[in-house]
Amino acid sequence: MIVAERKPFEEIWNMISHYNRILVLGCGTCVTICWAGGEKEVGILASQLKIAGEKNNELIITESVPERQCEIEMIQELKDKEGNIDAILSMGCGAGVQTVAGIFTDIPVFPALNTTFLGMPEAEGLWVEMCSACGDCYLAYTGGICPVTRCGKGLLNGPCGGTRKGGKCEIDPEKDCAWVLIYRRLEKLSMLDLMEQYREPKNYRAVKRPGIIRATAR
Ligand code: SF4
Ligand code: SF4
């Protein structure tokens, strides 16, 4: 899932305060799960905008939460609202914001969130980065634990030698050393021979910007 967090209200208000008819647009998928842009967060932000703009008699805040902001069909359904709004405040991830901007071509679309990483919910209110979308997945060699993302130095041949007592990372004692996790997992799977194989430096040419995948068949 994509993890995001809301921008500070002051930053949002500076972007949007001179518009009157504002649609606050959430997203019912990833950013709902990470408590950043679901129905509840849209309602809270809409209330904050109404309070901040209470002296503006022309201020009209509307709310909508499509299932996915990054799907053209789901945003197209909202297109008939365009004549009634001056600006959209997107509470989707960066892909959502750009999808909406591509459809609502005549009005500005502003991001209310900072999109941060690809991750998973590890505990209540805690999301952890898991994948950097490197385009050349190594998980087969590392017991399903990503060294690119979860090792503080992104080492493909670890550990670095600085691992702290208790298996914590030398860069951040709050975090587990990814290579300790990898070792333990491979040991459990009787695959420790993988630890002895040297991995060539990563070819970041696999990461092409912008990334495009064309399916040949379905
Ligand atoms: S190796 Fe690359 S694709 Fe695989 S999980 Fe790590 S960052 Fe993601
Ligand atoms: S202690 Fe472990 S996770 Fe931290 S930088 Fe070194 S190898 Fe990577």
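Reply: Pro-210 lies in the segment after H7. The model is predicted: local features need pLDDT of at least 70, side-chain atom pairs count only at pLDDT 80 or more, and totals for chains, interfaces and linings use all residues. Residues are numbered from 1 along each chain as its sequence is written, while chains are lettered from A and ligands numbered from 1 in the order in which they are written.

The peptide bond from Arg-209 to Pro-210 is cis, and its omega is near -5°. Most peptide bonds are trans, and most residues other than glycine have a negative phi. The segment after H7 also holds Ser-190. Its phi is near 55°, a positive value in a residue other than glycine. Is Ser-190 buried or exposed? Ser-190 counts as exposed, because it has 7 C-beta neighbours inside 10 Å. The cut-offs are these: 20 or more other C-beta atoms within 10 Å of its own make a residue buried, 12 or fewer make it exposed, and anything in between is partly exposed, with C-beta atoms placed from the backbone.

One step back is the helix. H7 covers residues 178–188, and Ala-178, Trp-179, Ile-182 and Tyr-183 are buried in it. Those buried residues fall within an arc of 135° seen down the axis of H7, so they line one face of the helix. The arc is taken over the directions from the helix axis to the C-beta atoms. What does the face turned away from the buried side carry? That face of H7 has the exposed residues Glu-187 and Lys-188. The buried residues of H7 pack against helix H6 (147–150). Packing and contact mean C-beta atoms, placed from the backbone, within 7 Å.

Between H6 and H7 runs a loop, and Pro-159 lies in it. Here is another cis peptide bond: Gly-158 is joined to Pro-159 with omega of about 0°. Ala, Val, Leu, Ile, Met, Phe, Trp, Tyr, Cys and Pro count as nonpolar, Asp, Glu, Lys and Arg as charged, and the others, Gly among them, as polar.

Now ligand 1. Around it are Cys-131, Ser-132, Ala-133, Cys-134, Cys-137, Tyr-138, Leu-139, Cys-146, Val-148 and Thr-149. The shell has eight nonpolar, two polar and no charged residues. Ala-133 is found in the loop between strand S7 (126–131) and H6. It is not a glycine, yet its phi is positive, about 50°. Ala-133 is exposed, because 11 other C-beta atoms lie within 10 Å.

An automatic or database assignment divides the chain into domain 1 (2–116) and domain 2 (133–206). Taken over C-alpha atoms, their centres are 38 Å apart.

Which residues have the most contacts inside the largest nonpolar core? They are Ala-4, Val-24, Val-31, Leu-89 and Met-91, in a core of 31 residues. Strand S1 (2–6), helix H1 (9–16), strand S2 (21–25), helix H2 (30–33), helix H3 (39–52), strand S4 (87–90) and helix H5 (94–103) each give two or more residues to this core. S2 gives the most, with four. Apart from this core lies another, of nine residues, among them Ile-145, Cys-177, Ala-178 and Tyr-183. A nonpolar core is a set of buried Ala, Val, Leu, Ile, Met, Phe, Trp, Tyr and Cys residues joined through C-beta atoms within 7 Å.

Last, a charged residue inside. Glu-41 sits in helix H3. It counts as buried, because it has 22 C-beta neighbours inside 10 Å. Leaving aside neighbours within four places in sequence, Glu-41 is in contact with Arg-6, Gly-26, Trp-35, Ala-36 and Met-91. Glu-41 and Arg-6 are 35 residues apart in sequence and 8.9 Å apart in space, C-alpha to C-alpha.

Notes
Near = placed C-beta within 6 Å. Contact = placed C-beta atoms within 7 Å.
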